[in-house]
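Colleague: I would like to learn how to read a few features of a model like this one. Could we take them one at a time?

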Amino acid sequence: MKNKLLLMAVLLMSPMFAMAGDGYLCSYTAYISSKDKVNSSGKRLASGVNKSSVAAILRQDRANFYRFGKVDGADTSDCMGHSTDGRARLERLVRQSDISQSTMRRIVNGNPVINVEIYRNFVYIYPETR
């Protein structure tokens with residue numbers, strides 16, 4: 001019984017150790033509002049429920065936070081969005097990361113509060129549950 005519990009604990013913790021070894025950089029929380037879904041010219045950013053749309057929306061959210069001062073109540077700072085190059089890198093990371101279809105749907109079609117963990121080679125995005 002003791003060995004089974006130990007094995008279960010190791011298996012549950014393995015993803016955390018794997019992520020820690022992948023170069024954790026920072027994390028942030030964002031409320032994805034309607035103003036995050038259009039660019040500065042007013043053009044809609046989403047072209048369907050896909051990673052490209054999500055990446056564009058998250059980049060705009062960070063531009064709104066850092067460049068335009070359009071901060072939503074749940075928005076927090078991060079280690080990448082303060083510069084144009086950082087926002088471009090974040091957008092690339094989102095495009096190459098695994099994101100669940102339900103999370104993409106929430107971001108594109110709704111106004112969720114999300115958590116974003118940024119690693120050297122990928123991001124992990126998940127809706128906040130309250």
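Modeller: Start with Glu-91, which lies in helix H3. Bear in mind throughout that this is a predicted model.

Colleague: Is Glu-91 buried or exposed?

Modeller: The cut-off for buried is a relative accessible area under 20%. Glu-91 has a relative accessible area of 13%, so this residue counts as buried.

Colleague: Which residues is Glu-91 in contact with, leaving aside its neighbours within four places in sequence?

Modeller: Contact is a matter of heavy atoms within 4.5 Å. On that basis Glu-91 touches Ala-55, Ala-56 and Arg-59, once neighbours within four places in sequence are set aside.

Colleague: Now helix packing. At what angle do the axes of H2 and H4 cross?

Modeller: For a pair of helices, look at the axes and then at the side chains. Here the axes of H2 (residues 51-66) and H4 (residues 101-109) come within 10 Å and cross at roughly 50 degrees. H2 is therefore oblique to H4. The crossing of H2 past H4 is left-handed.

Colleague: Which residues meet where H2 packs against H4?

Modeller: From H2 there are Lys-51, Ser-53, Val-54 and Ile-57, and these meet Met-104, Ile-107 and Val-108 of H4. By type, the residues of this contact are five nonpolar, one polar and one charged.

Colleague: How should I read Ile-107, and is that residue buried or exposed?

Modeller: Ile-107, in helix H4, has a relative accessible area of 0% and so is buried. Leaving aside neighbours within four places in sequence, its contacts are Ile-32, Lys-37, Val-54, Ile-57, Pro-112, Ile-114 and Ile-125. As for sequence separation, Ile-107 and Asn-50 are 57 residues apart along the chain, with their C-alpha atoms separated by 10.0 Å.

Colleague: What about the nonpolar core? Which of its residues touch the most other members?

Modeller: In soluble globular proteins, nonpolar side chains tend to be buried together. In this model the largest nonpolar core has 22 residues, and those touching the most other members are Val-54, Leu-58, Val-94, Ile-114, Ile-118, Val-123 and Ile-125. At least two residues of this core come from each of strand S1 (24-31), H2, helix H3 (84-95), H4, strand S2 (113-119) and strand S3 (123-127). H2 gives the most, with four residues.

Colleague: Take one of those members, Ile-125. Which residues is Ile-125 in contact with, apart from neighbours within four places in sequence?

Modeller: Ile-125 contacts Val-54, Leu-58, Val-94, Ile-99, Thr-103, Ile-107, Ile-114, Asn-115 and Val-116, with neighbours within four places in sequence left out.

Terms used. Residues numbered from 1 in each chain as written. Predicted model: local features only at pLDDT ≥ 70, side-chain atom pairs only at ≥ 80, totals over all residues. Heavy atoms only, no water. Axes fitted to C-alpha atoms, helices over the stretch in contact; angles between N-to-C directions. Parallel < 35°, antiparallel > 145°, perpendicular 65-115°, else oblique. Left-handed = near helix turned anticlockwise from the far one by under 90°. Nonpolar A, V, L, I, M, F, W, Y, C, P; charged D, E, K, R; others polar. Core = buried A, V, L, I, M, F, W, Y, C linked by side-chain atoms within 4.5 Å. Buried < 20%, exposed > 50% of the residue type's maximum accessible area, 1.4 Å probe, protein only.
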